[in-house]
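Have the structure open while you read.

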Amino acid sequence: MVVAMTRTLAIANQKGGVAKTTTTASIGAALADEDVSVLVVDLDPQGCLTFSLGHDPDQLTKSVHDVLIGAEDIADVLLDTDDNVTLLPATIDLAGAEALLLMRPGREYALKRALAEVAQDYDVVLIDCPPSLGVLTLNGLTAADEVVVPLQCETLAHRGVGQLLRTVTEVQQITNPDLKMLGAVATLFDARTTHSRDVLSDVSDRYALPVLDPPIPRTVRFAEASASGASVMRGRKNKGATAYRDLADNLWQSWNGADVRTYELEI
Ligand code: ADP
Ligand code: MG
């Protein structure tokens, strides 16, 4: 499959535990299964995406950190994974990138510049942002064409969403005028309760944020997968994996000219 140009999607929410990393890994694996060439970028110093794709951050000698500070060429840092996505890995070194980058002019553009060197090799680039709105997330949003916000449908999902949307607006005004907010990805969704729907409608009304179709249900498989360093998508047919495949298909069709499908909340 080919798209006319590389599509770069950032997955961002400064709240931890909302399934940013799970969403990045799952959409990436689902697209790769359809023979889309995918690069995933781990921008979190915790390296959870790197770990979940089968690479131990503690064993790596170079990472996205070296790329951002200009010490390594991006092509020399990329890793293959069993999920058939290419990974730009993170290590704990990245925790120091915030401080190092802060002293540099054009610091928000470091990832964008690096990705430009390899983008022609990929149909899709997915950026897993860290749980903060610092210079790393600014790099992710500056390098992206589009951004989605995973929202946990359980408690206080709206906390911080306003701040994130303000950051996106500032990025649109300053470093990336073409950045498009696609909407929310509803995660840990429980269709059996009205609570999930109430949380979602509250957030989407409050911030006029569309919810992408479909929501991602809670499933125990995800916790098992991320703890074992194996992808949630591999070899398993659970409802979470199916939902991520449908979401990946929705995104893929939108990149090929369709309108992105949104989830209609029934209250
Ligand atoms: P973030 O990157 O936003 O911090 P993660 O993707 O690491 O969030 O997810 C946080 C935790 O929630 C992980 O333990 C993950 O396995 C679990 N999780 C994510 N999505 C689901 C899901 N649909 N069902 C059950 N657990 C999930
Ligand atoms: Mg994460």
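## Before you start

This is a predicted model, where local features need pLDDT of at least 70, side-chain atom pairs count only at pLDDT 80 or more, and totals for chains, interfaces and linings use all residues. Residues are numbered from 1 along each chain as its sequence is written, while chains are lettered from A and ligands numbered from 1 in the order in which they are written.

## How H5 meets H6

Helix H5 takes in residues 110-118 and helix H6 residues 135-143; their axes come within 7 Å and cross at roughly 45 degrees. That makes H5 oblique to H6 (under 35 degrees is roughly parallel, over 145 roughly antiparallel, 65 to 115 roughly perpendicular, and the rest oblique).

Who touches whom? H5 brings Ala 110, Leu 111, Lys 112 and Leu 115, and H6 answers with Asn 139, Gly 140, Thr 142 and Ala 143 (contact means C-beta atoms, placed from the backbone, within 7 Å).

## Burial in H6

H6 is mostly covered, with nine of its nine residues buried (20 or more other C-beta atoms within 10 Å of a residue's own). Among them are Val 135, Leu 138 and Leu 141.

## Strands S6 and S7

Strand S6 (residues 146-152) runs parallel to S7, and seven bridges join them. Val 147, for one, has Met 181 of S7 as its bridge partner.

Seven of the eight residues of S7 (residues 180-187) are buried, so this strand is largely enclosed by the rest of the structure.

Key. Axes fitted to C-alpha atoms, helices over the stretch in contact; angles between N-to-C directions. Helix = DSSP H or I, 4+ residues; strand = E, 2+ residues; numbered from the N terminus. Contact = placed C-beta atoms within 7 Å. Buried ≥ 20, exposed ≤ 12 C-beta atoms within 10 Å, placed from the backbone. Pairing = 2+ DSSP bridges.
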